[in-house]
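Please look over the sequence and the model shown below before reading on. The paragraphs that follow take up one region after another.

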Amino acid sequence: MADEKLPVEKKIGAYICKGCGLGERLEGAQLSMIAEREAKANVVREHDFLCSEDGVKMIQDDIDNEGVNRIAICACSRRAKTDAFNFEGVAIARGNLREGVIWARPDTDEARETTEEMAADYVRMAVWEVKFMTPPSSNPEAKCTPDILVVGGGVSGLTAALEAARAGYPVTVVEKSGHLGGHVADSWKRIPDRAPYTDPVDTGLDELIAACEAHDKITIHLNAKLTKTAGAPGQFQADISVESGPTVTASFGAIVQASGYDDYDANQLPDLGYGKSPDVVTQQELEALARAADGGAIKRPSDGKEVKSVAFVQCAGQRSEKEGQLPYCSGHCCMTSIKQAMYFKDQNPDIDTNILYRDLRTPGSGGEDFYRSGQDKEVTFTKACVDGVEAAGDGLHVKFKDLILDEDSEEVVDLVVLAVGQVPNSGVDIDAVAIEEEEEEGEAGEEGASPANEVHVSVESILNLDYRQGPDLPQLVYGFPDSHFICFPYETRRTGIYASGPVRRPMDIVSAREDATGAALKAIQAVENAAKGRAAHPRSGDLSYPSFRKEGCTQCKRCTVECPFGAINEDEERYPVFNESRCRRCGTCMGACPVRVISFDNYSVDSVGQALKNIDIPDEFEEKPRILVLACENDAYPALDMAGMNKIEYSAFARIIPVRCLGSVNLIWITDALNSGYDGVILMGCQKGENYQCHFVRGSEIAHQRMSKVDDTLQSLSLEPERVATYEIAITDIQRAPQLINDMAETIEKIGMSPFKF
Amino acid sequence: MSDMSSAVVEKYHNDFLKEVEANVEEGEWVRMCMQCGVCSGSCPLGPHWAHPPQEIFMMIRAGKREEVLTSDSMWMCTSCYNCIVRCPRGLPITHIMHGLAHYAHVLDLAPKNQPTRRFSKMFWDNITKNGRANELKLGLSLYFKDGFGPGVKEALKNKALGQAMMKTKRMNPMEFFGGHGVKDKSGLHAMLEKAREIEEAKLKRPAN
């Protein structure tokens with residue numbers, strides 16, 4: 001692919017801005033000279049106001065008339081003025097002289113010299129960086145099918161299908177059972193989503209199904225499964241096998257996985273009477289009783305007697321620390337119990353309904369109103385801890401501790417409803433499989449080895465992905481396919497595949513419909529981006545993609561293993577196969593590669609490596625150390641920019657380079673930096689672990705793992721381990737990030753300068 | 001009314017709540033309490049109540065009829081209205097407390113010697129006798145509420161104040177002998193008796 005690009009002569013233009021106070025604080029002529037003489041830029045120009053129409057035109061003229069194809073803009077941060085400095089068909093690097101230099105340094109005579117040196121280095125870095133960049137262009141092989149595959153025919157799946165179809169995209173729905181609607185098909189009514197939020201309303205499922213079946217862009221397969229899903233966004237190939245029917249293979253641009261949930265198995269809750277008395281039912285089972293009653297009196301299962309009193313036990317087997325129970329809250333059950341209590345109250349206000357809750361949670365805009373409506377209908381709400389349910393005589397004895405009255409109590413009722421949680425139908429836990437496989441290599445696996453709180457419901461794969469990394473979406477916690485829940489809730493770790501509905505997190509019908517709409521929109525984005533050969537997320541619109549030099553590859557598989565998004569497969573000879581439309585462009589593969597053969601057009605081992613190597617390193621006796629800061633462009637770099645905006649000063653010895661993700665940091669950069677005479681290296685990435693903030697999920701974590709082994713490198717160079725530090729930085733760490741730089745400067749003062757200055 | 005004093009209600013069923021809603025002033029609000037506890041936390045006398053308002057509301061819903069109606073808690077309310085101002089659900093808590101106290105009194109379940117209840121009764125008897133408050137008698141009956149000895153002691157303690165009030169014509173000692181009143185006392189009494197009858201007729205008996 002790379003050789004398809006015609007070799008064009010590199011022509012570098014360096015542009016030095018004098019606006020925003022840069023002209024007063026820095027010697028523009030000096031910086032121009034450095035760009036021209038030292039860094040060897042072909043065209044060097046200064047401008048009083050580079051981002052103005054006139055300044056932009058000056059650059060554009062050079063591109064048009066002088067053949068400049070690589071541009072180093074030495075002005076403000078790369079995060080500023082992106083609209084102005086947006087030139088087609090050229091590679092662009094930015095030297096951060098404003099936020100990174102003059103705003104982060106005091107305007108004093110003493111500071112002037114070090115500030116000037118800092119600016120000079122940023123000019124060198126920008127020119128050297130762009131020298132090793134290629135103007136990015138999309139993969140000419142990019143192609144796309146606009147069809148969207150929806151896995152699951154419940155409310156979430158059908159809503160996603162209808163939304164996508166109405167937006168003009170052909171949709172195929174694959175439903176494993178013989179009917180549409182999932183759990184909702186068995187439900188009587190749903191929680192209201194419109195003011196006045198007072199009464200349960202019709203589920204709306206019939207209309208939804210009718211609309212889907214009537215839509216000419218929607219194809220529905222019942223009793224069907226995905227037996228194989230291969231490819232990448234824009235070009236998925238899915239084998240759809242219909243029970244006792246043919247298997248058809250079809251192409252899809254994106255996939256929405258709305259595989260829903262299973263109820264937690266109430267048989268695990270004998271203490272609450274389930275299985276001992278037929279009058280102890282789950283919420284879902286009560287829906288069936290309500291459907292059977294069809295608006296009349298609900299009858300209890302044991303003897304068909306009309307229910308006169310009912311107790312709802314919230315958090316049954318959930319929000320629990322007990323082994324085999326769900327540790328999380330399923331979110332909808334309080335509202336569902338209120339709704340179900342209304343089934344009774346609306347039919348006959350004299351029926352006694354008691355909701356026994358530990359913490360009542362009524363999320364959503366109408367939640368509080370619905371709760372109030374329940375109270376208004378005289379549903380009793382009791383803050384209590386339920387100890388057990390026993391059948392005795394004609395009724396069920398619910399024993400509990402009333403937490404408001406602080407006493408043990410008991411109520412006798414006709415029916416008990418257990419609010420059991422939702423367990424996601426997310427298929428195979430590919431990480432657990434990987435661990436098991438590792439264990440099996442040593443010894444045959446034993447049963448019961450799974451850790452506490454792990455509930456396995458479905459072990460059958462849902463997507464059957466033909467990915468090297470496993471057949472289903474990776475899970476974050478409790479079996480839910482993970483997503484960046486704050487910034488990108490619909491994303492999974494498989495680009496072009498979007499989880500929607502209760503498989504993503506526990507939810508009710510209203511949330512599931514909203515979720516499905518979001519997922520449909522993301523699927524459409526994925527299709528459109530794949531068609532243009534651009535990154536979908538989070539580097540939306542990025543045309544670059546990883547390529548590798550096959551001759552140098554040692555088939556070590558590290559890139560395929562570490563890619564957080566399963567973008568890299570292997571061919572028969574075990575060489576990596578990059579599926580760039582699956583790729584998020586984080587560069588974790590590039591950071592992983594021990595032989596450094598992976599690169600992007602505009603981001604490579606060389607573009608960063610040359611930038612960091614080509615600064616001016618003063619000799620040991622000048623007492624001017626150099627600290628390399630590799631800062632994640634998503635959180636740490638903006639934090640440092642904001643520190644500059646807030647005039648929070650930090651050491652003039654720092655040289656900050658933004659990286660796409662800490663995962664893209666190749667250890668050679670650390671080695672090169674130390675060998676070139678840097679005195680300290682700081683890596684700033686996002687929070688890792690379970691509550692990760694990393695935009696690429698695992699990049700920061702992988703970087704921390706790699707850096708835990710950097711001590712060997714330091715030892716071989718006889719350097720102190722304190723010289724390299726890795727931190728987790730949040731975008732709000734505006735005070736802390738500069739402080740960490742200053743701390744490193746202090747540390748260096750203590751342990752002394754690096755001996756590697758030549 | 002005796003059957004109402006000893007009604008049995010089912011725990012955590014709506015029986016007692018419905019009774020309160022039917023018979024207690026503003027009682028229909030009790031169901032709307034969301035147990036946040038702001039009332040209890042806001043009550044200046046809260047620590048002295050056996051059951052702060054939040055608990056009273058839960059006890060009603062738990063069907064603890066006897067405990068609620070025999071409690072002296074509602075009688076502790078000083079009508080500062082802090083709870084009403086702060087209740088996020090807008091419950092007229094002060095009024096409900098007074099309503100509950102009144103209902104307990106009507107059923108004669110309220111604690112006999114609760115000072116607020118005794119004083120309230122004293123005031124009622126005083127003002128309904130002539131249709132006008134007899135301040136001298138009210139003051140005296142308050143002094144002598146615990147017997148003759150303590151009454152004399154209390155009266156002597158306030159001797160100077162009483163004499164000063166008499167000197168400035170703020171208190172008329174002749175009020176001791178009957179005192180002033182409305183023109184048609186028997187009419188007033190008939191009216192009050194009728195009102196009592198109507199109220200009693202309105203009382204709804206608990207379901208069982």
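**A walk through the two chains**

In chain A, helix H2 (residues 28–38) and helix H5 (residues 109–131) have axes that come within 9 Å and cross at roughly 40 degrees; helices here are DSSP runs of H or I with at least four residues, strands are E runs of at least two, and both are numbered from the N terminus. Axes are lines fitted to C-alpha atoms, for helices over the stretch in contact, and angles run from 0 to 180 degrees between N-to-C directions. The crossing of H2(A) and H5(A) is right-handed, a crossing being right-handed if the near helix is turned clockwise from the far one by less than a right angle, and left-handed if anticlockwise. On the H2(A) side A:Leu31, A:Ile34, A:Ala35 and A:Glu38 meet A:Ala119, A:Ala120, A:Val123, A:Arg124 and A:Val127 of H5(A), where contact means heavy atoms within 4.5 Å. By class, this contact of H2(A) with H5(A) has seven nonpolar, two charged and no polar residues; Ala, Val, Leu, Ile, Met, Phe, Trp, Tyr, Cys and Pro count as nonpolar, Asp, Glu, Lys and Arg as charged, and the others, Gly among them, as polar.

A word on how to read these values: this is a predicted model, in which local features need pLDDT of at least 70 and side-chain atom pairs count only at pLDDT 80 or more, whereas totals for chains, interfaces and linings use all residues. Residues are numbered from 1 along each chain as its sequence is written, chains are lettered from A and ligands numbered from 1 in the order in which they are written, and side-chain values use heavy atoms, with hydrogens and water left out.

The next region of chain A is a sheet. Seven strands form an open sheet of mixed pairing in the order S13-S19-S14-S15-S16-S17-S18, two strands being paired if DSSP finds at least two bridges between them. Its edge strands are S13 (280–282) and S18 (407–413), each of which pairs on one side only, and the twist averages 35 degrees from one strand to the next. Within this sheet S14(A) and strand S15 (residues 352–357) run parallel and are joined by five bridges, with A:Asp352 in S15(A) as the bridge partner of A:Ser309. Helix H8 (residues 283–293) of chain A lies across S13, S14 and strand S19 (415–420), running at about 100 degrees to S13(A). H9(A) also packs on the sheet, touching S14, S15, strand S16 (380–392) and S19, and its direction makes about 175 degrees with that of S14(A).

The loop between strand S14 (309–316) and helix H9 (333–347) of chain A holds A:Gln325. Is this residue buried or exposed? A:Gln325 is buried, because its relative accessible area is 11%, and buried means under 20%, exposed over 50% and partly exposed in between, computed with a 1.4 Å probe on protein chains only. The C-alpha atom of A:Gln325 is separated by 9.8 Å from that of A:Val420, although the two residues are 95 apart along the chain.

Further along chain A, S28(A) (residues 627–632) runs parallel to S29(A), to which six bridges join it, and A:Ile627 has A:Ala654 in S29(A) as its bridge partner. Strand S29 (residues 654–659) has six of its six residues buried, with A:Ala654, A:Ile656 and A:Pro658 on one side and A:Arg655, A:Ile657 and A:Val659 on the other.

Some backbone details also deserve attention. Most residues other than glycine have a negative phi, and most peptide bonds are trans. The peptide bond from A:Ala195 to A:Pro196, however, is cis, with omega near 10 degrees. A:Gln555 has a positive phi of about 55 degrees and is partly exposed, at 33% relative accessibility. A:Arg585 has a positive phi near 65 degrees, but is buried, at 1% relative accessibility.

Chain B, in turn, has 12 helices and zero strands. Of its 208 residues, 38% are buried, and its C-alpha trace spans about 60 × 40 × 30 Å along the principal axes.
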